[in-house]
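Please examine the sequence and the structure shown below.

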Amino acid sequence: MHIVLQLIPKKYLIGGTLILLGLSGLLVMSTFVAITGEFEKDSQQSEVTEIEGGGIGVGTANVSPEVMKYQPLLEKYAQKHGLDASYVPIMMALMMQESGGRGNDPMQSSESFCGSVGCISSPELSVDKGVLHFKSVLEKAHYDLKLCLQSYNFGGGFINYVMKNGGKYTPELAISFSQLQYQKVKHTGNYHCVRPEMVPYSACYGDAKYVDAVLKYYTGTITADGKPAAPASGGSGSKSGVKVIDAGKTLIGKTRYVFGGGRSQSDINAGRFDCSSFVRWAFEQVGVNVGPMSGVTTDTLKTQGQAINPKDMKPGDVVFFDTYKIDGHVGIVRP
């Protein structure tokens, strides 16, 4: 079965025996009874909550509790409209920018639904039509995610404009489109620059910085063509997952732990690794690329897989620990 490199959600208590790779000295770790326990109760929720997605591109939406409550509805209507669940965190980030999860139209989808603002008064209808509109724009944008996001703000005309000017979203095209459209509508007096930095450009139609505004609420990998990055294969007890373990075992007793080590070939040759560089190296040995050698961290690794329930863990999966920071340590599950 083809399964992506899998991560363990943080809000679980895992009881039982796990043997992992990837700690100081890269020795086999002793028995652990609890891993990343449920250390935050609902009453202790911070203002921003992380939401993990799955599917073709795993990412995390850092959103308010008001937006978080819409996750089940977003998942429901993503399934209804045939949109991969991996886009749910992006849509949560979009909702955070649009409304912060407040009001009766949290996706601000009235205009796309009926052509005028304010025609939607049901939050669920807003999510339903917002997901449908997001999917439609995504398809028209040929799955260029940044183009999709900017077009959610500008309207479909921006896609046509981009297709006539290189076929790919750029910040410069967003500014020039805003300039052109503003010249057409500024006489109405209904438009003004939402960003002061756009005033010198007369780019006052919509929000030319909308992509950046949405993505500041999203942590994940987006490829050069604007698509969510495809997760790496491996783990879940597959042959490649077992091979990852075998690769890691070859370093036991032959390496030393160096924080920040393992990010150059000379470090690797000398056996200097930390936990994340070790995990990256082990997967590389079986032909699975989970990120560049020089930039790997626990934060980059956790965007490369799909979250699973702890009870489904199998050899070759990856588990994260809260140490000096959230998800500050990583290891590989062994039998």
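Which residues line the second largest cavity? They are Y169, P171, A208, K209, V211 and D212. On a 1 Å grid over the protein atoms alone, a cavity is a set of points where a 1.4 Å probe fits but cannot get out, and lining residues have an atom within 4 Å of a point. The volume of this cavity, the space filled by probe spheres set on points joined across faces, edges and corners, is about 40 Å³.

This is a predicted model, in which local features need pLDDT of at least 70 and side-chain atom pairs count only at pLDDT 80 or more, while totals for chains, interfaces and linings use all residues. Residues are numbered from 1 along each chain as its sequence is written, and side-chain values use heavy atoms, with hydrogens and water left out.

The pLDDT is the predictor's confidence in each residue, from 0 to 100. Its mean over the chain is 77, and 76% of the residues reach 70 or more. Over residues 1–58, however, the pLDDT is below 50; beyond near neighbours in sequence, this stretch has 186 contacts in the model, a contact being heavy atoms within 4.5 Å.

The largest pocket has a volume of about 870 Å³. A pocket is an open set of grid points with protein on both sides within 12 Å along at least five of seven lines. Its lining comprises 32 residues, of which E98, E111, Y152, N153 and F154 lie nearest the centre of the pocket.
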